[in-house]
Amino acid sequence: MYIENRFQEVYDYAKNVQSPYLFIPIREGRTHHYPAPQAYRQINKSTDGVEHVGNHTLRKTFGYWFYKATKDIAILQKILHQSHPSVALRYIGILKKKPTTY
């Protein structure tokens, strides 16, 4: 799903969520998060055949675009609970190239 077309819909949904979780099962009286296997199935069902999508895909995608927009690795490191800025960058798929020495 191309999220730019759905931004307002997702934003409106997220700002009205009364739970600490963004997505919760739609069942009367349930207020806890999806178990990991169920979340994995739901994410994969919504990706329409895209390969290599898992439970961390949303988290990594958020981290990648947050970093691209802000370049604030210190805040991203805290958000992702990573031990070091280089670990956070590696997690989101951005590798700092070491200068080559001759």
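This is a predicted model: local features need pLDDT of at least 70, side-chain atom pairs count only at pLDDT 80 or more; totals for chains, interfaces and linings use all residues.
Reader: Which residues does Gln-77 touch, not counting residues up to four places away in sequence?

Author: Leaving out those neighbours, Gln-77 touches Gln-82, Ser-83, His-84, Pro-85 and Ala-88. Gln-77 itself has its place in helix H4, where a helix is a DSSP run of H or I with at least four residues, a strand is a run of E with at least two, and both are numbered from the N terminus.

Reader: Is Gln-77 buried or exposed?

Author: The general idea is a percentage of relative accessible area, found with a 1.4 Å probe and protein chains only: under 20% is buried, over 50% is exposed, and the range in between is partly exposed. Gln-77 counts as buried because its relative accessibility is 18%. One of the residues it touches, Gln-82, is buried as well, with a relative accessible area of 17%. Gln-82 lies in the loop between helix H4 (73–80) and helix H5 (85–91), and beyond its neighbours within four places in sequence it is in contact with Arg-59, Gln-77, Val-87, Ala-88 and Tyr-91.

Reader: How many helices and strands does the secondary structure of the chain come to?

Author: There are five helices and zero strands, so that, following the definition of these elements, the pattern read along the sequence is α-α-α-α-α. Buried residues make up 18% of the 102 residues in the chain. Among the contacts with a separation of 6 or more, 16% are between residues 24 or more positions apart. The accessible surface, from the Shrake-Rupley method with a 1.4 Å probe and, for residues, only the protein chains shown as cover, comes to about 8800 Å², and 58% of that surface belongs to carbon and sulfur atoms.

Reader: How many aromatic pairs does the count come to?

Author: A pair of aromatic rings is described by the distance of the centres and the angle of the planes. Rings of Phe, Tyr and Trp (its six-membered ring) pair if their centres lie within 6.5 Å, and planes under 30 degrees apart are stacked, over 60 edge-to-face, and the rest tilted. By this rule the count is two. Phe-62 and Phe-66 form a tilted pair, at 5.7 Å centre to centre and 35 degrees between the planes. Both residues lie in helix H3 (residues 57–70), four residues apart, which is about one turn of the helix. The rings of Tyr-64 and Trp-65 have centres 5.0 Å apart and planes at 90 degrees, so this pair is edge-to-face. Tyr-64 is partly exposed at 27% relative accessible area, whereas Trp-65 counts as exposed at 54%.

Reader: Where does the charged end of Lys-60 sit?

Author: A charge sits over a ring if NZ of Lys or CZ of Arg is within 6 Å of the ring centre and within 35 degrees of the ring normal. Here the charged end of Lys-60 sits over the ring of Tyr-91, 5.0 Å from its centre.

Reader: Which residues form a nonpolar patch on the surface?

Author: Patches are made of residues with over 30% relative accessible area and no salt bridge, joining like charges within 9 Å and nonpolar side chains (Val, Leu, Ile, Met, Phe, Trp, Tyr) within 5 Å; a salt bridge is a side-chain nitrogen of Lys or Arg within 4 Å of a carboxyl oxygen of Asp or Glu. Phe-62, Ile-75 and Ile-79 form such a patch, with about 250 Å² of accessible area together. Phe-62 is partly exposed at 42%, and Ile-75, whose place is in helix H4, is partly exposed at 39%.

Reader: What is the phi of His-81?

Author: Phi of His-81 is near 55 degrees, a positive value in a residue other than glycine. His-81 is found in the loop between H4 and H5 and counts as exposed at 70% relative accessibility. Lys-71, in the loop between H3 and H4, likewise has a positive phi near 55 degrees, and counts as exposed at 52%.

Notes. Residues are numbered from 1 along each chain as its sequence is written. Side-chain values use heavy atoms; hydrogens and water are left out. Contact means heavy atoms within 4.5 Å.
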